[in-house]
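Colleague: I have a model open and would like to learn how to read it. Please walk me through it, feature by feature.

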Amino acid sequence: MGGVLARATTHALVGLEARSIEVEAHLQRGVPAFAIVGLPDKGVQEAKERVRSGIASAELEWPMRRITVNLAPADLRKEGSGFDLPIALAILAASHQIPLDMLMEHAALGELALDGRIRPVPGAIVAAEAARRSGLAKLLCAAESAPEAALAGIEPIPVRHLAEAGAYLRGRHEPEPVGEPPAYAGPPPPDLRDVRGQERARRALEIAAAGRHNLLLGGPPGTGKTMLARRLPGILPPLTREEALEVTRIHSVAGALPAGQPLVPHPPFRAPHHTASTPAVVGGGPGPRPGEATLAHRGVLLLDELGEFPRPSLEALRQPLEDGMVAIARIGGRHVFPARFLLVGTMNLCPCGARGDPGVECSCSPARLAAYRQKLSRALLDRFDLVVTVPRARSQEVTGAPAEPSSAVAERVIDADRRLRERPPPIGEAAASLLARAVDSLGLSARGHARISRVAVTIAALAAAADVAPEHMAEALSYRSPSELAVAA
Ligand SMILES: Nc1ncnc2c1ncn2[C@@H]1O[C@H](COP(=O)(O)OP(=O)(O)O)[C@@H](O)[C@H]1O
Ligand SMILES: [Mg+2]
Ligand SMILES: [Zn+2]
């Protein structure tokens, strides 16, 4: 065949994983041309323009040869713009403008701007981990991606421009050292101190956080349901380092990491709008991409105004609620995304919104009310362990003393969480017989029985009790099916 061959290593994202890709540039004599083969999608084909223009802008030479770039393995669909930098470097190595042996010691990842600047691409931490696993010690990447790559235990070589990458590989540029990423610097999560009254809902929030129980807040508009739900992440136990890395990988792949904040240290909070598509909520599309359910992994997923969500989105959430993951079938395999989140729903108790408001008469007809409840999937409502109504507050509550801050609640939650993991309180005999009687009289399912038991164990752990007493069981039972919310029996 003849000609010159050079190789660069990069990584392609497949779901949440990175696969190693060899970028081979083959230069032959003949009519100048440039082709990319190896199942590139349209976005990767567009690399041709960026690479050609980037090389010219870096004052490097575009080889007047027949250039073929092959992305191997060829059976894997290649998406995205992260191939630009390795393609450019392979062409530069094949045309002897950078040393091949030096290039072989590095993985490379990055998009090229037409002026040769190198831009970050999603999933840098995942690509860096894969590069390290395949025995490479260094990753050439955009400066913005370098802190993420450092988290993966690889040495990032931050490069701002293709000219800089070329100079570095020729030994004429010393890369900047990349330190540990800064500790979380974003705004603090909203605080429970702001919520007046609503003691019962606050208590339910605390139980939900301690035992990771799904929570449904029902009530008339304007009573603080959304406000309360948004304060749940602030009382959850902080993520461990391992959990933080797991969440960071997901958010990196989804392109959802805030700039300058490579590590996600807090439980995430996601609140998709009810107009979001089903793939946006549970994941999907080509790739496929993680959805809100996966972005909420180890944190909170809020479905605000639950009744407004289309039925297919709610049905699609049943799998993650049951199994803590989303499985997406694709030709050539199945993708599994983790999706273990705490679900919080809010809803009006009726279409007119007056139910649960002592001062206003509900104007809904029985038929309209029945249709409203029908719309909510019984199977989904069954997944809420805690159901509370958030009533219209009396004025003295609203003007009363400042409420307990999230930090105080979080302390109790962290204690209870530790007890639940180390030595969960067993269910005492008296509590068990109370539950048995309730199951008979309420006609609860086996699932309902198990859920109430779990909530009772959490309540006992919050009380630092040796075992679950009848009072704990009674409180757990009280969060099921109040009369206004008969939908969630
Ligand atoms: N219990 C409360 N304590 C303090 N402010 C409240 C409370 N309930 C409602 N508010 C105020 O009313 C606004 C609307 O509350 P919101 O949480 O959106 O109500 P809902 O979701 O129940 O319709 C809040 O932004 C807040 O300013
Ligand atoms: Mg609301
Ligand atoms: Zn009504």
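Colleague: How many bridges join strand S12 to strand S15?

Modeller: First, the terms. Strands (E, at least two residues) and helices (H or I, at least four) are DSSP runs, numbered from the N terminus. Two strands pair if DSSP finds at least two bridges between them. Here, S12 (residues 300–303) and S15 (residues 342–347) are joined by four bridges and run parallel. Leu-302 stands opposite Val-344 in S15.

Before we go on, this is a predicted model: local features need pLDDT of at least 70, side-chain atom pairs count only at pLDDT 80 or more, and totals for chains, interfaces and linings use all residues. Residues are numbered from 1 along each chain as its sequence is written, while chains are lettered from A and ligands numbered from 1 in the order in which they are written.

Colleague: In what order do the five strands of the open sheet lie?

Modeller: The order is S11-S12-S15-S10-S16, with parallel pairing. Strand S11 (269–270) and strand S16 (386–389) are the edges, each pairing on one side only.

Colleague: Which strands does helix H8 touch?

Modeller: Contact means C-beta atoms, placed from the backbone, within 7 Å. H8 (residues 199–211) packs on the sheet and touches S10 (215–218), S15 and S16. Angles run from 0 to 180 degrees between N-to-C directions; axes are lines fitted to C-alpha atoms, for helices over the stretch in contact. The direction of H8 makes about 165 degrees with that of S16.

Colleague: Which domains make up the protein chain?

Modeller: Domain bounds come from an automatic or database domain assignment. That gives domain 1 (4–169), domain 2 (192–401) and domain 3 (423–489). The C-alpha centres of domains 2 and 3 lie 22 Å apart. Across their contact, 21 residues of domain 2 meet 16 of domain 3. On the domain 2 side, H8, S10 and S16 each give two or more residues. H8 has the largest share, five residues.

Colleague: Which residues are closest to ligand 1?

Modeller: A residue is near a molecule if its C-beta atom, placed from the backbone, lies within 6 Å of it. Ligand 1 has 14 residues around it, the closest being Arg-196, Gly-224, Lys-225, Thr-226 and Met-227. Helix H9 (residues 225–230) gives the most to this shell, three residues.

Colleague: At what angle do the axes of H19 and H20 cross?

Modeller: Helix H19 (residues 429–442) and helix H20 (residues 446–462) cross at roughly 145 degrees, their axes coming within 11 Å. Ala-431, Leu-435 and Val-439 in H19 meet His-449, Ile-452, Ser-453 and Ala-456 in H20.

Note on methods. Two residues are in contact if their C-beta atoms, placed from the backbone, lie within 7 Å.
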